[in-house]
Amino acid sequence: MQPLPPLPYPEWEATKTTLHLWAQIVGKVRMASSPPRNHWWHVPLYVDVRGLTTRLLHSSTGTPFEIRFDFVDDRLVVETSGAVESFALAEGLTVAEFDAQLHGILRGLGLDVAILESPFGVPMTTPFPEDREHATYDRDAVERFWRVLDWSANVLEEFSGWFCGKTSPVHVFWHSLDLAVTRFSGRRAPELPDADAVTREAYTHEVVSFGFWAGDQNMREPNYYSYTAPEPEGLRERTLRPEQAVWTELGGGSLAILHYEDVRTADDPRATLLAFLESAYEAGADAAGWDRDGLASSWCPNPPQLAQLLGR
């Protein structure tokens, strides 16, 4: 395989912010064009062979369509069974122009839906139709980001096969623009009466989640992460692998992180990431009292392979 590319966050922060806002617009169209699913699984985007996709959607009249970020040709593509419309993703394309062009295409195809035209869960607050500030597009950085998402999604898919309990798809949540997969113990979590509706639905059951995100205003570099919710007592005292992985605090909870650069520069990036994911899972599941033996898949590596992976 090709070496994993560098992805220093400060060098493409402006592009990442613009792309993030574009993705929120497309994600909101997806949400409005999909029947609700548990844990908000009707809202994410997915990595595909040319970039990111909504996968199959349906209009109010039942017309099937798909919206894709094509990072090979740098275009936003809307496709139905009988038409393909697109526009260029380029330096200078503002969030307002992206929003107007996408809705224009959707209207022309009879697919348009009303969305809440404002960002969600990010520091930016300008409504999409008014945002002429964010308009940066570094195509090289976007291509590298997509390559990292593609590689990471493949490893997360492999890791998902080690578990036979309820598991989310490997998907990209556009509110935070992170690639994620979640494992469930099968037990209900305590209710969160003071939380917002999004959080309450996301955490109805006990979970250990894993993922990758490219960085933000608080974490100034790309990281792989894991957290357990609800957080069990003693979680942060448990060992992570490889040795570069650490526990940190975010939003009042414990987060296991491994810097992307430590994975990228490792002798075996795949094994390094799998070791991190498995160690974070074992930490959370054991601390929370999950039945790990009962939840292990028949596809799980045999004990000697796991021991080698975890350096035991």
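Predicted model: local features only at pLDDT ≥ 70, side-chain atom pairs only at ≥ 80, totals over all residues.

I started with the largest nonpolar core, which has 86 residues. (Such a core is a set of buried Ala, Val, Leu, Ile, Met, Phe, Trp, Tyr and Cys residues joined through side-chain atoms within 4.5 Å; buried means under 20% relative accessible area, exposed over 50%, partly exposed in between, with a 1.4 Å probe and protein chains only.) Phe69, Leu76, Leu89, Phe98 and Leu102 have the most contacts inside it. Helix H3 (residues 139-160) gives the largest share, 11 residues; helices (H or I, at least four residues) and strands (E, at least two) are DSSP runs numbered from the N terminus.

Residues are numbered from 1 along each chain as its sequence is written, and side-chain values use heavy atoms, with hydrogens and water left out.

Next I looked at rings. Phe212 and Tyr224 make a tilted pair, 5.1 Å centre to centre with 50° between the planes (rings of Phe, Tyr and Trp, the last by its six-membered ring, pair if their centres lie within 6.5 Å; planes under 30 degrees apart are stacked, over 60 edge-to-face, the rest tilted). Phe212 is in strand E9 and Tyr224 in strand E10, so the pair ties together parts 12 residues apart in sequence. Phe212 is buried at 0% relative accessible area, and Tyr224 is buried at 3%.

Last, I searched the whole structure for disulfides (cysteine sulfur pairs within 2.5 Å) and got 0. Cys164's nearest cysteine sulfur, in Cys300, is 9.8 Å away.
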